[in-house]
Amino acid sequence: MDAMNVESVPEPKSHEVEQHPPKGWAAGVPAVAVALARSVKQMGTTRTARTLTALNQRDGFDCPGCAWPETPGHRKHAEFCENGAKAVAEEATTRTVGPDFFAAHTVSALREKSEYWLSQQGRITHPMVLTDGDDHYRPIRWDQAFTLIADELAGLDNPDQAAFYTSGRTSNEAAFLYQLFARSFGTNNLPDCSNMCHESSGSALIEAIGIGKGSVSVPDLENADLIIIAGQNPGTNHPRMLSTLEKAKGRGATIIAVNPLPEAGLLRFKDPQKVGGVFGKGTALADEFLQIRIGGDMALFRGLAKLLLDAEKQNPGTVFDHAFIDEHCLGVDDYLAEVETVDLAEIVQATGLTETQLRETADRLINSRRTIICWAMGLTQQAHGVATIEELTNVLLLRGMIGKPGAGVCPVRGHSNVQGDRTMGVWEKMPDDFLDALDHEFGIEVPRNHGFDTVDTIRAMAAGDIKVFIAMGGNFVSASPDTHATAAAMGTCRLTVQVSTKLNASHLRSGSVGLILPTLGRTDRDISGGRKQEVTVEDSMSVVHLSRGSLPPSGDELRSEVAIISGLAEATLGPDHPVPWSRFPADYDLIRDHISRVIPGFEDFNSKVRHPDGFVLPHPPRDTRTFPTSTGKANLATNPLQWLRVPHGRVILQTMRSHDQYNTTIYGHDDRYRGIKGDRNIVLLNPEDITALGLADGQNVDLISEFNGAAGLEERRVHAFRVVAYPTPRGNAAAYYPETNPLVPLEHVAAKSNTPVSKAITVRIEAC
Ligand SMILES: Nc1nc2c(c(=O)[nH]1)N[C@H]1C(S)=C(S)[C@@H](COP(=O)(O)OP(=O)(O)OC[C@H]3O[C@@H](n4cnc5c(=O)[nH]c(N)nc54)[C@H](O)[C@@H]3O)O[C@H]1N2
Ligand SMILES: Nc1nc2c(c(=O)[nH]1)N[C@H]1C(S)=C(S)[C@@H](COP(=O)(O)OP(=O)(O)OC[C@H]3O[C@@H](n4cnc5c(=O)[nH]c(N)nc54)[C@H](O)[C@@H]3O)O[C@H]1N2
Ligand SMILES: [Mo]
């Protein structure tokens, strides 16, 4: 189909890295130019125009880029950002990967290719199978694929030998059917990408306020006095958030960025959709940049709590919201007793900030009537991530900053429907009332024991306890920690099945038998039962709305996720199963009707979701200051203070996204805002660390992670990374995900949430 198809996407020559000083501003004209150039390259001009005008419009499709919401009532023409447009271009590409491609490439040869090369080959067009001992994927008919899977599932000793992974792009309808299928089959083994993402936020917020979702809306942000953005790089990962922040700023909000790196989007922003943004200097977004040491955030919020407590003691009744605390909170006395013991010198050491910065930030908190704290992976992917999020929630609760306009918690989600997938029941430990509702709705009996999350699935695979692995999207091998261990674990399965849009490394690390099932994406037209089917998604602020793809699919063999799950369920559970599987593909309204009777907040789903802006799900703390926790109150957790000490001669490494990738899908090699171009195997180090470690800028090194596991010191190595001098704090390094995932120990996980610690790996550096 496209001449660019197979061989012409070159691998970049390694270490041709070009470095420019990091950019002081984000977006602007270059952003629009890059977005358009990439779109035209992937799909040509006509399809580009058609696609970008339908993006995030009321009658268009939801951007597969991120979960940032659209402003209600204000969806404007061309509501897209550079990285949303790139995400769309990658999906709507006219390049294809079909049987010819797989005939031309052996699996062993493809294993040598980078994720970038694999990503750039295009959309998968046919169901393919890799049988034991073969080195080529070969075409297989859909019905044969379903029978093969059904037979393997039927042959298991028990249903818990199967695991059903989900990535966060799956629609609500598909997610609901998928978990229903897994549970009807008999297991709660539903690991998902969220286990590696915002699980720490969910764990902390469910305990603290009774619901694992953010409590603010876009208008809340626009009307806040103070917005703290910790451990998040919105200029790259949630670019539309910058417009919201700009608006907030225009109304007088103060913005504080808490990050080890001076990320462009946090410092200054040029809105490409405004004349001023095109020609002017842009808006300075952050009023204060707190360059924190990796893992220092819990100490920061504990230190702020101590300064609030001191101020409250000096002027009783002026700092804490006593009426709110008395009516709604538990655990305040214990928490404040712990806060009392804080030594500010330790906070300074843990955070790398000055006492003046801490005092100024505390004053800003005290003077703000409406405070919002936003966060993402810099906080969640830490061993003490849950405690850190509990701590920041405590600070908000002391000030009564939940359940009133312009204030609250704002965990900024990643994948465009990761929050919706959870609402639909994709979680290994859904509460019993949800499971009871499934039983009642369908006349079935689903299991109650908790299933495996992502890390436990890998452990179980390695122990030989998972025989069939099914993935609804994602790239399990590359996104998970400990790449080599995870790849080996996948290899122990009898069957691995991946429902995918694009080729990735997980397809090349299958079980004895591997299946790839090609599916429609968010941009694709979905016609079934003689009509155009629509799906729904939920954004980061609990707004549910429709998404309608419009592009002609890459081939006739592609099927919707709904059709694939229904076909699979019918083959596995038989025609007499009480769930009417065969009726779903032709009528997504029917799925929504079931959802409306199972999940609270979805009553009248089909009519509510046809409102132009969709509808907002209930959130008791936000709506009525009620806290559906085990105690019925908001709980302030008391945890011992935790922060990271850098061992002598080592650095703490965080693994993050460049400006030119979507998780494991690599678009290119231009991390524009950080000024790094041409290579992804790089490690950012503070210039003084480079000297202290006896290294030189530009030198090639091996990175060796050191982890004290159950059996003693474990070492993991990646080879030939280039040292790049960068303004990161002393003792703190940074490198890209997924290239550095082989360094993340499978056993190094956050307490309570079991999230891999991808932002704090102890690393030794050796010249190579
Ligand atoms: N274009 C694009 N958009 C995306 C994605 C993508 O890959 N590409 N991925 C999507 C997904 S799934 C997600 S989860 C989100 C991720 O969005 P982010 O969380 O913004 O993603 P990361 O690149 O992991 O960035 C983490 C940020 O935390 C900082 N950080 C690291 N350690 C610490 C720490 O200890 N403390 C503090 N305060 N900061 C720290 C890093 O310097 C970095 O700025 O983005 C979503 N949107
Ligand atoms: N070291 C390190 N590791 C990390 C992270 C980190 O910051 N550092 N971040 C973690 C986070 S936050 C996340 S969310 C995970 C991401 O983990 P995943 O969600 O598993 O990974 P992705 O790279 O987003 O998955 C990309 C693949 O999804 C498929 N796909 C895309 N769109 C669709 C669709 O509409 N339907 C279907 N069925 N398939 C589709 C394509 O085949 C594509 O190759 O990675 C985690 N891993
Ligand atoms: Mo994520």
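1. In this predicted model, the residues Phe-324 and Phe-627 are both buried. Their ring centres lie 6.3 Å apart and their planes stand at 80°, so the two rings form an edge-to-face pair. The angle matters here because planes over 60 degrees apart count as edge-to-face.

2. The pair also joins distant parts of the chain, for Phe-324 and Phe-627 are 303 residues apart. Phe-324 belongs to helix α15 (residues 322–328), whereas Phe-627 sits in the loop between α29 (620–624) and β24 (634–635).

3. A further edge-to-face pair is formed by Trp-581 and Phe-584: the ring centres are 6.0 Å apart and the planes are at 90°, so the pair receives that description. Both Trp-581 and Phe-584 are buried. In general, two values describe a pair of aromatic rings, namely the distance of the centres and the angle of the planes.

4. Trp-581 and Phe-584 are also members of one aromatic cluster, together with Phe-164, Tyr-178, Phe-181 and Phe-185. In the model as a whole, the count of aromatic pairs is 17.

5. The next point concerns the packing of two helices. Helix α7 (residues 172–185) packs with helix α26 (residues 561–573) at an angle of about 15°, and their axes are 9 Å apart. The two helices are therefore roughly parallel to each other, because an angle under 35 degrees counts as such. The crossing of α7 past α26 is left-handed.

6. Which residues of α7 and α26 make the contact? On the α7 side they are Glu-173, Ala-174, Leu-177, Tyr-178, Phe-181, Ser-184 and Phe-185. On the α26 side they include Val-562, Ile-565, Leu-568, Ala-569 and Leu-573. The residues of this contact of α7 with α26 comprise 10 nonpolar, 3 polar and 2 charged. Tyr-178, Phe-181 and Phe-185, which take part in the contact, belong to the aromatic cluster as well.

7. Helix α8 (residues 199–209) and helix α20 (residues 385–398) cross at roughly 45°, and their axes come within 8 Å. That angle makes α8 oblique to α20. The crossing of α8 past α20 is right-handed.

8. In the contact between α8 and α20, the residues of α20 are Gly-385, Val-386, Ile-389, Glu-390 and Thr-393. Those of α8 include Ser-200, Ala-204, Leu-205, Glu-207 and Ile-209. How many residues of the contact of α8 with α20 are nonpolar, polar and charged? There are 6 nonpolar, 5 polar and 2 charged.

How values were computed
Residues numbered from 1 in each chain as written. Chains lettered and ligands numbered in written order. Predicted model: local features only at pLDDT ≥ 70, side-chain atom pairs only at ≥ 80, totals over all residues. Heavy atoms only, no water. Axes fitted to C-alpha atoms, helices over the stretch in contact; angles between N-to-C directions. Helix = DSSP H or I, 4+ residues; strand = E, 2+ residues; numbered from the N terminus. Parallel < 35°, antiparallel > 145°, perpendicular 65-115°, else oblique. Left-handed = near helix turned anticlockwise from the far one by under 90°. Contact = heavy atoms within 4.5 Å. Nonpolar A, V, L, I, M, F, W, Y, C, P; charged D, E, K, R; others polar. Phe/Tyr/Trp six-rings, centres within 6.5 Å; stacked < 30°, edge-to-face > 60°. Buried < 20%, exposed > 50% of the residue type's maximum accessible area, 1.4 Å probe, protein only.
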